[in-house]
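Hi,

Here is the structure I said I'd pass on.

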Amino acid sequence: MKQFDIYADDVLIGSSSLEHGDPPMGVAYGNLIPTASYRAEQIAEGSILTVRLDGASILSSGEVVVEDWFQDFGEIQVTIFGIDHRLYEELFPEHVAAYQTQFGDPPSQRNR
């Protein structure tokens, strides 16, 4: 599975496999493995969050959100919203395959 780097402004704050997703919505999410540079305050202060793969930012029409539940549940989650369906299929073929197994083709593929 691919490893995505998560940045707050230009500071690498962690990585994630983005192991879960919702292909029709263009959403991918997963556990964030923080680096030593990660600080919960970066998220609260409104830093610009980006997801990168091999140094290139993942383009999306939505935002990147980090939810820090470490104090209560022992985990930190990162979500990226609004990934174009073609890019989504390229980046997350396993999410698309799981969706197709459960529900059939996503709406974005039905009109091709």
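Before the strands, one bit of bookkeeping: two strands count as paired if DSSP finds at least two bridges between them. Keep in mind too that this is a predicted model.

With that cut-off, strand 6 (residues 49–53) and strand 7 (residues 56–57) make it as a pair, being antiparallel and joined by two bridges. L53 sits opposite A56 of strand 7. The hairpin formed by strand 6 and strand 7 has two residues between the strands, and D54 there takes a positive phi near 55°.

Strand 6 has another partner in strand 1 (residues 4–8): that pairing is also antiparallel, over four bridges. Here A8 has L49 of strand 6 as its bridge partner. Strand 6 is mostly covered, with four of its five residues buried.

One of the residues of strand 6 worth a click is R52. The structure holds one salt bridge, and it is between D10 and R52, with the closest N and O atoms 3.5 Å apart. D10 is in the loop between strand 1 and strand 2 (11–16) while R52 is in strand 6, so the pair ties together parts that are 42 residues apart in sequence. Are the two ends buried or exposed? D10 counts as exposed, at 68% relative accessibility. R52, on the other hand, is buried, with a relative accessible area of 17%.

Now the core. The largest nonpolar core has 22 residues, and those touching the most other members are F4, L18, V51, V66, I80 and F92. Strand 1, strand 6, strand 8 (64–69), strand 9 (75–80) and helix 3 (85–91) each put in at least two residues.

Last, helix 4 (residues 93–103). Its buried residues are H95, V96 and Y99. Looking down the axis of helix 4, these buried residues fall within an arc of 95°, so they line one face of the helix. Just after helix 4 comes G104, with a positive phi of about 95°.

Cheers

Note on methods:
Residues are numbered from 1 along each chain as its sequence is written. This is a predicted model: local features need pLDDT of at least 70, side-chain atom pairs count only at pLDDT 80 or more; totals for chains, interfaces and linings use all residues. Side-chain values use heavy atoms; hydrogens and water are left out. Buried means under 20% relative accessible area, exposed over 50%, partly exposed in between (1.4 Å probe, protein chains only). The arc is that of the directions from the helix axis to the C-beta atoms. A salt bridge is a side-chain nitrogen of Lys or Arg within 4 Å of a carboxyl oxygen of Asp or Glu. A nonpolar core is a set of buried Ala, Val, Leu, Ile, Met, Phe, Trp, Tyr and Cys residues joined through side-chain atoms within 4.5 Å.
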